[in-house]
Amino acid sequence: MTATTASSQPLRTSLSRMVRKPSTATMVGLGLGLPALAFLAVFLLVPAVRLVSAGFLTQNAQGVLTGPVTVEHYVHFFGTSLYSHVLFVTLRISLVTAALAAVLGYPVAMVMVRSHPAVARVVTFITIAPLIVSVVVRTYGWQLILGNGPTGLLNWLLLSTGLTHAPVRLLYSEAAVVIGSLHVFLPMMVLPLASALGKIEPHLEEAARTLGMPAWRVFHRVTFPLSLPGLAVGFTLVFSLTAGSFVTPAMLGGTNAQMLGNLIDQQITAVYDWPFGATIASVLVAIVVTVNLLSMRLLDGKRRATA
Amino acid sequence: MNPRLTGGMAWLLYPLTAAAMVFVLAPLAVVMAMSVSASAFASFPPTGFSLAWYGAVLADADFRFSLAFSGLLAACATTGALAFGLPAAFALTRYAVPGRDALRLILLSPLIVPLLVVGVALLRLFADWHSNSAPVNLLIGHILVTTPYVVRTVTASLLLADISLEEAARTLGAGRWRVLRRVTLPQIAPGVAAGALFAFMVSFDNYPISMWLADARYVPMPMLIYRQAASIYTPAVPATSTLMILFAFIVVLLIERLAGLRRAMAM
């Protein structure tokens, strides 16, 4: 409610200003945006274009990238089972993490929006605060919890309660990477969900209840469908961020759950194969951009359908 | 006013949320518990109580250098992010700039591209330009990742600021600068401060950009912890991590006070 009136106000005033002084206001606005735009062009756009094109070039013995243009690195990447497996694992970890984040994040978002303000504040604080703690520190915490020896927290618990008699292998697995990623990116699911849930008109649910719908059906038929845009945004964010992560798979996955990020690091830092590293980076960016575009189209389509 | 959770929904959702909160806090709590262990190994359960590891960490020259370097880097990056982000946020909200949606998308794009890839791309660019100064390269990379946070938070503050006050001031004859200084800035100041703090922490915590641009001498804090966690198994690592956690929580409390956490996140 407040968001729509707030955003239409500046539009209205800037329109009126435009009528009064068409060129000056536009020029000032452009001038204000220009430094940031120029900075991004030089240090984001240019390097990105150069990196993508490096994936189509060949590296000579001196380490210089030269022509002719080739797709051999892409053929090599998709044709080698070692690499396509890493791609598959990356997609699987990101998908599972995003799905689990939705399951775990939904109750949190509901409580954030629909509980006593004091409770909501505490839940919001606990959810967002870890976001400001470095990923390295948080992942280190999971190393201590999932440690494979008898001194890892979970293994110690399992052993001392007699549930197992030998330490269980938890660390350096795909599951450990999913747990770590879930922890790191959960807020990115909860926040868009909470904002979508907060925008639902209370009258809609009230009307459904007055018409005799039981609580779970009100949720199923009214609340949940109206929260789908938030869920889509959260899913996209968690998926993209997980797919592009490095620290979590490096610290919790080891060699058993390598992701594309680790492969890029390996190719650039250890092998010094820039064209191949650039190819993997381009594949990663392509995945993330595709998922974001799909989600944007989906949301636009929904908006148009409901309008 | 949103409806409160009642009946079965409350019985279902409150325990699930409590479990999620335990999940969120567990790794931080474990790190903190380990940091005061008297044992020489980071193994569970912690034995005894000792603050000796904090003494060791605070006296460590590598720790001190990384802390100072990361702090300085984050402060400079935040300044840069404000210099680029503040005017850009005004352009997005107060001026009829052609292609405003596209401009917003471009300004926020560093949030979508995987940071790791941004880092590799920058490394290649700096190598080709023979830009060999790690601090300078790191600063540019960190400004790049922090600017979108400033843009996002300040844009949200500007949209929430009462624009009719600005209109009134202008009608009463105040010039553009005066309106900005006396009417707009006081309204958005808490939001700007929160955005700046957020940007500071984004830089202070960054790993995926720094891992490409740092050299052997200039090692930011997260990289120091990463290396120590991979090589040595003493409670010095939990102690360092705990200091990072405590620092982050102080900043979070400040952001909460200034603008409210959810608004600062602009989500």
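Among contacts in chain B between residues at least 6 apart in sequence, 75% join residues at least 24 apart, a contact being a pair of residues whose C-beta atoms, placed from the backbone, lie within 7 Å. The model is a predicted one: local features need pLDDT of at least 70, side-chain atom pairs count only at pLDDT 80 or more, and totals for chains, interfaces and linings use all residues. Residues are numbered from 1 along each chain as its sequence is written, while chains are lettered from A and ligands numbered from 1 in the order in which they are written.

As for secondary structure, chain B has 12 helices and 0 strands (DSSP runs numbered from the N terminus, with H or I over at least four residues for helices and E over at least two for strands). The C-alpha trace of chain B spans about 70 × 65 × 30 Å along its principal axes. Of its 267 residues, 51% come out as buried, that is, with 20 or more other C-beta atoms within 10 Å of their own, C-beta atoms again being placed from the backbone.

Now for the partner. Chain A splits into domain 1 (1–54) and domain 2 (74–306), with bounds from an automatic or database domain assignment. The C-alpha centres of these two domains of chain A sit 31 Å apart.

Where the chains meet, chain B puts in 84 residues and chain A puts in 84 residues. On the chain B side, helix α1 (residues 7–35) gives the largest share, 18 residues. That side of chain B divides into 67 nonpolar, 10 polar and 7 charged residues, where Ala, Val, Leu, Ile, Met, Phe, Trp, Tyr, Cys and Pro count as nonpolar, Asp, Glu, Lys and Arg as charged, and the others, Gly among them, as polar.

Conventions: Buried ≥ 20, exposed ≤ 12 C-beta atoms within 10 Å, placed from the backbone. Contact = placed C-beta atoms within 7 Å.
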